[in-house]
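Subject: Handover of a structure

Dear colleague,

Please find below the structure that I am handing over to you. My notes on the strands and their neighbours follow it.

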Amino acid sequence: MGALIAVEGLDGAGKRTLIDAVVADLRGRGLRVATLAFPRYGRSVHADLAAEALRGRHGDVAASINAMAVLFALDRSGARDELSKLLADNDIVLLDRYVASNAAYSAARAGQQPDGEIVSWVAELEFGRFELPAPDVQVLLDVPTELAAERARHRGELDSSRALDTYERDIPLQERTAAVYRMLAQSQWHGSWWVHAPHDDPGRLAARLSDLVAR
């Protein structure tokens, strides 16, 4: 059974770039590595409904913190069998977002901290009711909010399919989400957390993951 690693961070933090670098390094070390990104846009009806809601469709769905959280959770629940197979076939599975993203954004929208009701509800829904596997390590890619926002804006300008949604345009929400992420990491919410800064070497992260698998 492989190690499950979730990479978390704001929209535009650079999660995909970091994951690509770490995957290349780990494969160079001879490890079997797979990746999966959430939400699974284009593959999951729940992910697509969430994306559409964040762009003004489906009435007041986007206004409901719980409704949006359920859609994102159902997307992950629908990937449970795929995730189990990836873990069975690989040494490491790297996820671009996982349950903590739902907890962080939901708490930020509700104005709550990680010990609040909605974070507990997200954990019970996804780890409890949907029986999603807990990650072995959660890596917080901790970048300044302004940098993440600029990257997200630039990405949207280059690719119209990735134009900014309601969450990405809301800078105060991004700032609150960053704060919640840091508190989740500090409290080691549902497992070990490692913090990765923008200037940190992806090779160092890959080495730590390689050591984790070896142990």
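**Strand pairing and burial**

I5 stands opposite L94 in strand β3. The model is a predicted one, in which local features need pLDDT of at least 70 and side-chain atom pairs count only at pLDDT 80 or more, while totals for chains, interfaces and linings use all residues. Residues are numbered from 1 along each chain as its sequence is written, and side-chain values use heavy atoms, with hydrogens and water left out.

Strands (E, at least two residues) and helices (H or I, at least four) are DSSP runs numbered from the N terminus. Two strands are said to pair if DSSP finds at least two bridges between them.

The strands form an open sheet of five, in the order β2-β3-β1-β4-β5, with parallel pairing. Its edge strands are β2 (33-37) and β5, each of which pairs on one side only. From one strand to the next, the twist averages 20°; axes are lines fitted to C-alpha atoms, for helices over the stretch in contact, and angles run from 0 to 180 degrees between N-to-C directions.

Strand β1 (residues 3-8) is joined to β3 (residues 92-96) by five bridges, and to β4 (residues 137-141) by four, again in the parallel sense. I5 has V137 as its bridge partner in β4, and V7 has V139. Further along the sheet, five bridges join β4 to β5 (residues 192-196), where V137 is partnered by S192.

Six of the six residues of β1 are buried, that is, under 20% relative accessible area with a 1.4 Å probe and protein chains only (exposed is over 50%, partly exposed in between). On one side of β1 these are A3, I5 and V7, and on the other L4, A6 and E8. Strand β4 is largely enclosed by the rest of the structure, because five of its five residues are buried. V137, V139 and L141 cover one face of β4, and Q138 and L140 the other.

Helix α4 (residues 80-89) lies across β1, β2 and β3, at about 160° to β2. Helix α10 (residues 202-214) packs on the sheet and touches β1, β3, β4 and β5, its direction making about 160° with that of β5; contact here means heavy atoms within 4.5 Å.

Yours sincerely
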